[in-house]
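User: Hi! I'm new to reading protein structures, and I'd like to learn where the labels come from. Could you show me one and let me ask about it?

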Amino acid sequence: MSLYQIVRRVIGEEDVALEEASNADTTAGWDSLKNMELIFAVESTYRVRFTVKEVVRLKNIGDLRRLLVAKGADVEVIEPVREELLRA
């Protein structure tokens, strides 16, 4: 599962457009509670643990991806192409 897929599943917005700069201020359905759920989901999926200091420094999906990479997680950088886009 890609990082973007995790974000979409947690915020409950499967069709929302995401990019490295996406965050709670720019993304529908992403509030402070969903933000904490996202951290827990990412920790569980990638089998890493974040410190409070690391979490506070996160400003967007790109920061989260870079932190995961720094912790040795195998994170998909490019979002998988959705099937409906291939048929268009």
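Analyst: Happy to! Keep in mind that this is a predicted model.

User: What makes up the secondary structure of the chain?

Analyst: It comes to five helices and zero strands. Read along the sequence, the pattern is α-α-α-α-α.

User: Why is Thr27 called buried?

Analyst: Set its value against the cut-off: buried means under 20% relative accessible area. Thr27 has 6% relative accessibility, so Thr27 counts as buried. You will find Thr27 in the loop between α1 and α2.

User: How do you know that the side chain of Thr27 makes a polar contact with Asn23?

Analyst: A polar contact needs a pair of N or O atoms within 3.5 Å. A polar atom of the Thr27 side chain lies 2.9 Å from the backbone oxygen of Asn23, so the pair is within the cut-off.

User: Which backbone atoms does the side chain of Asn23 itself reach?

Analyst: A polar atom of the Asn23 side chain lies 2.8 Å from the backbone nitrogen of Asp25. The Asn23 side chain also reaches the backbone oxygen of Lys59, at 3.4 Å. Both values are within 3.5 Å, so both count as polar contacts.

User: How far apart are Thr27 and Glu13 in sequence and in space?

Analyst: Thr27 and Glu13 are 14 residues apart in sequence and 9.2 Å apart in space, taken from C-alpha to C-alpha.

User: How do you know that the length of α2 is close to what is expected?

Analyst: Helix α2 covers residues 32–46, which is 15 residues. The expected span is 1.5 Å times one less than the number of residues. That gives 21 Å for α2, and the helix reaches 21 Å from its first C-alpha to its last.

User: What lies at the two ends of α2?

Analyst: At the start, a side-chain oxygen of Asp31 reaches to within 3.2 Å of the backbone nitrogen of Leu33. After the helix comes Arg47, whose phi is positive, near 55 degrees.

User: Which residues of α2 are buried, and what do they pack against?

Analyst: They are Leu38, Ile39, Ala41, Val42, Glu43 and Tyr46. These buried residues pack against α1 (3–11), α3 (52–57) and α4 (61–70).

User: What lines the largest pocket?

Analyst: The pocket holds about 180 Å³ of space. The elements that give two or more residues to its lining are α2 and α4, and α2 provides the largest share, three residues. In total 13 residues line the pocket, and Trp30, Asn35, Leu58, Lys59 and Asn60 lie nearest its centre.

User: How many of the lining residues are nonpolar, polar and charged?

Analyst: The lining divides into eight nonpolar, three polar and two charged residues.

Conventions
Residues numbered from 1 in each chain as written. Predicted model: local features only at pLDDT ≥ 70, side-chain atom pairs only at ≥ 80, totals over all residues. Heavy atoms only, no water. Helix = DSSP H or I, 4+ residues; strand = E, 2+ residues; numbered from the N terminus. Buried < 20%, exposed > 50% of the residue type's maximum accessible area, 1.4 Å probe, protein only. Contact = heavy atoms within 4.5 Å. Polar contact = N/O pair within 3.5 Å; in protein donor to acceptor, adjacent residues only side chain to side chain. 1 Å grid on protein atoms, 1.4 Å probe; cavity = no way out; pocket = protein on both sides within 12 Å on 5 of 7 lines; lining within 4 Å. Points joined across faces, edges and corners; volume = space filled by probe spheres on them. Nonpolar A, V, L, I, M, F, W, Y, C, P; charged D, E, K, R; others polar.
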